[in-house]
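Trainee: Please take me through the helix packing and the pockets here. I would like each label set against its cut-offs.

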Amino acid sequence: PLPSPPPQSPTSPRESLPIATLSSPKSPRGAFGGDMSPRLTRKKSIEALRLGRASPSAWKRAGELDLPQFYYRNGRPKEESKRGEIEREIERVFRSYGGKTAREDFPGVVKACGMPLYWKAPFFVACGGDDHRVVTSEMFHKTWKLLTSACHDDASQFIWILTKGQRNYITPDDFEFLVQDIIETHPGLTILADTSE
């Protein structure tokens, strides 16, 4: 018979690990319980704030956290200089057309706005051009101001233009002017423009 191994004294799991595994290379915490990393300290402070167990100094430190806004519902607003460039280009285009544009001249305005070409028909209608047959500089700037103050990315601007700023969702009827314009002006779809339907 083989002799049984000697009894071992109970040890904590920390004592039973070799020294090399007690500290992580990613953490500044030492092998023997040195200071915690700033990230862990901040995490504990935020948790204490959430649970209402924070000291007044912790509340003060939390108020000093300056987190930049990272979510913008309708896109991140453009910088003032970029908006100014776009508005100067739009004004130049309107001056070249005598202060008003007809539907066939509107692609120049849409290009100056930095929008896709095929947004021209719904944007013309959103500016009131369908009722007046032309869009004046004043009509356009009124619509442009409403559009750019509420919508800052392509998706929200597209929805605003199609719905004329009335809704934050689109319906099939909102695509009427867009689809009709594409059928009438796209070179590959001339066969559809000739049909009566």
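Mentor: H8 and H9 pack with their axes 10 Å apart, at an angle of about 135°. Axes are lines fitted to C-alpha atoms, for helices over the stretch in contact, and angles run from 0 to 180 degrees between N-to-C directions. This is a predicted model, in which local features need pLDDT of at least 70 and side-chain atom pairs count only at pLDDT 80 or more, while totals for chains, interfaces and linings use all residues. Residues are numbered from 1 along each chain as its sequence is written, and side-chain values use heavy atoms, with hydrogens and water left out.

Trainee: Why are H8 and H9 called oblique to each other?

Mentor: Angles under 35 degrees count as roughly parallel, over 145 as roughly antiparallel, 65 to 115 as roughly perpendicular and the rest as oblique. The angle of H8 and H9 is about 135°, and the two helices are therefore oblique.

Trainee: Which residues of H8 and H9 meet?

Mentor: Thr143, Leu146 and Leu147 of H8 meet Gln157, Trp160 and Ile161 of H9, where contact means heavy atoms within 4.5 Å. By class, this contact of H8 with H9 has 4 nonpolar, 2 polar and no charged residues. Ala, Val, Leu, Ile, Met, Phe, Trp, Tyr, Cys and Pro count as nonpolar, Asp, Glu, Lys and Arg as charged, and the others, Gly among them, as polar.

Trainee: What makes H4 and H8 roughly antiparallel?

Mentor: Helix H4 (residues 80-96) and helix H8 (residues 137-150) pack at about 160°, with axes 11 Å apart. H4 and H8 are therefore roughly antiparallel to each other. The crossing of H4 past H8 is right-handed. H4 brings Ile86, Glu87, Ile90, Glu91 and Phe94 to the contact, and H8 brings Ser137, Phe140, His141 and Trp144. The classes in this contact of H4 with H8 are 5 nonpolar, 2 polar and 2 charged.

Trainee: Why are H4 and H5 given the label roughly antiparallel?

Mentor: The axes of H4 and helix H5 (residues 106-113) cross at roughly 165° and come within 8 Å. H4 and H5 are therefore roughly antiparallel. Their crossing is right-handed. Ile86, Glu89, Ile90, Val93 and Phe94 of H4 make the contact with Gly108, Val109, Ala112 and Cys113 of H5. The residues of the contact of H4 with H5 divide into 7 nonpolar, 1 polar and 1 charged.

Trainee: What makes a space a pocket?

Mentor: On a 1 Å grid over the protein atoms alone, a pocket is an open set of points where a 1.4 Å probe fits, with protein on both sides within 12 Å along at least five of seven lines; lining residues have an atom within 4 Å of a point. The largest pocket holds about 190 Å³ of space. Its lining includes Arg73, Ala150, Ser156 and Trp160. Helix H9 (residues 154-163) gives the most to that lining, with 3 residues.

Trainee: Which residues lie nearest the centre of the second largest pocket?

Mentor: Lys78, Ile86, Trp144, Thr148 and Gln157 lie nearest its centre, out of 13 lining residues. The largest share of the lining of this second largest pocket, 3 residues, comes from H4. By class, the lining of the second largest pocket has 5 nonpolar, 4 polar and 4 charged residues.

Terms used:
Helix = DSSP H or I, 4+ residues; strand = E, 2+ residues; numbered from the N terminus. Left-handed = near helix turned anticlockwise from the far one by under 90°. Points joined across faces, edges and corners; volume = space filled by probe spheres on them.
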